[in-house]
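Reader: Hi! Could you walk me through a few backbone and packing details in this one?
Author: Happy to, let's have a look together.

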Number of protein chains: 2
Amino acid sequence: MHVDVQFLPFPPSPDLLTRRTVVVMDILRATSVMVHALSQGAAEIIPLANSEEALQRAKTFPTGTTLLGGERGSRKIEGFDLGNSPTEYVFERVSGKRLILTTTNGTKAFHSVSSGREILAGSFLNVEAIAQRCLELGQDLLLFPSGDEGRFSLEDAVCAGMLVEGILKKGRPVDLTDAARAAHILFKEFENHLVEALRLSNHGKDLIALGLGGDLAFCAQTDVTDIVPVFADGVIRAH
Amino acid sequence: MHVDVQFLPFPPSPDLLTRRTVVVMDILRATSVMVHALSQGAAEIIPLANSEEALQRAKTFPTGTTLLGGERGSRKIEGFDLGNSPTEYVFERVSGKRLILTTTNGTKAFHSVSSGREILAGSFLNVEAIAQRCLELGQDLLLFPSGDEGRFSLEDAVCAGMLVEGILKKGRPVDLTDAARAAHILFKEFENHLVEALRLSNHGKDLIALGLGGDLAFCAQTDVTDIVPVFADGVIRAH
């Protein structure tokens, strides 16, 4: 199994993607929100790139079935039901609901890799379940950190490295690209204090400055759910 | 001083570049060749993206003044004087000569960042001299690993991290992006056995398979020269 990590969130060639399992990661906070929301019983998540599109799309569904969530500048969008803190996505609020989500980096990333053979949403919350599912699928793997407005993001790279570790631990023969090897080294550096990677990161510092530091500790929890979110036909559902 | 590393060799925005010192790094092997060739007395180096252009350009200079060097598929180009092994670029061969160089990654990288305020060529061979020069220039810094045909390259990232270390050691206040921090962690991982980063890298393995493994040990030598190559108006000369 060939394992690669794309450190900057540029759309890879569709031809390459069709032969790979792709794991999108936006630790702070889109994929952490998605994994947590599905674990709390959300029926499905529609990731959209812009907020106007999200508002229009919400109107096409029956009243009471759908919640609008997401952020711009890390803050809840005006007129939306929920922001982008995973702790807002509790069972009482989201169970049985459709979520329409739009965020700065993460929701766009799913559309960048939409030609992937299988597209999963990874986070620290479900990394072991994702590693297991990638091995079951048996395809070459592209880990796709969403980055921070086009820039490299430390916390996403560390999570990619933890997924590399999860796959290596299974003992299957694995061929790592330089980027996969580097992600693994970055994970090892923070293995015993993951939250530190989030605190040191540029995006983590911004969230702390906005009073959203609690989200860092939440998103740094590992393997608290075995939910495997799958993106297909524009919708994310639990496998 | 703001220090960033661009992990994938996509052209950054010219507007951003005009305010930064840019250090191009292609450890295996273009910038190692450039640094070594200048240390052996080469007068100047013209980096060009393609071999046909290189052949045409060479014809515009008086006979005996100019040597053609470079590689395709890591091998010397037909009709060229020199390949891309730094050990070919000895005093007896290159002293006083103009070199026209074309390689798969490194020579292109200089043209990608040509709007940089100051553009330097870095390698393990001259990392301390480059760190010193970056501090003298005092501008924000963009470290630009040339990568491996568009992919992340481990050895270039480790060299970028060693340059970050060189700058941190001077004690000047420095603001690291996530990418600069990651490069620094990667350097620390290989600090006491740099050649191992080159041996583990995808491009290093290819060179070993082609019988060019000796170049890895050569390019992993640190601070053997204080040459600072500067790229301006299409030509690289020692500062």
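Reader: Where is B:Asp223 found?
Author: In this predicted model, B:Asp223 is in the loop between α11 (214-219) and β10 (229-232) of chain B. Its phi is near 55 degrees, a positive value in a residue that is not glycine.

Reader: And is B:Asp223 buried, partly exposed or exposed?
Author: B:Asp223 is partly exposed, with a relative accessible area of 38%.

Reader: Okay, what about phi at B:Glu149?
Author: B:Glu149 has a positive phi too, about 50 degrees, and is not a glycine. You'll find B:Glu149 in the loop between β8 (140-145) and α7 (154-169) of chain B. B:Glu149 is exposed, because its relative accessible area of 58% is over the 50% cut-off.

Reader: Switching to omega: which kind of peptide bond joins B:Leu28 and B:Arg29?
Author: A cis one, with omega about 5 degrees. B:Arg29 sits in the loop between β2 (20-25) and α2 (30-39) of chain B.

Reader: What does chain A have from A:Leu28 to A:Arg29?
Author: That peptide bond is cis as well, with omega near 10 degrees.

Reader: Now helices. At what angle do α7 and α8 of chain A pack?
Author: About 100 degrees, with the axes 7 Å apart. The two helices, α7(A) and α8(A), are therefore roughly perpendicular to each other.

Reader: Which residues meet there?
Author: Among them are A:Leu154, A:Val158 and A:Met162 from α7(A), and A:Ala183, A:Leu186 and A:Phe187 from α8(A). By class, this contact has 12 nonpolar, two polar and two charged residues.

Key. Residues numbered from 1 in each chain as written. Chains lettered and ligands numbered in written order. Predicted model: local features only at pLDDT ≥ 70, side-chain atom pairs only at ≥ 80, totals over all residues. Heavy atoms only, no water. Axes fitted to C-alpha atoms, helices over the stretch in contact; angles between N-to-C directions. Helix = DSSP H or I, 4+ residues; strand = E, 2+ residues; numbered from the N terminus. Parallel < 35°, antiparallel > 145°, perpendicular 65-115°, else oblique. Contact = heavy atoms within 4.5 Å. Nonpolar A, V, L, I, M, F, W, Y, C, P; charged D, E, K, R; others polar. Buried < 20%, exposed > 50% of the residue type's maximum accessible area, 1.4 Å probe, protein only.
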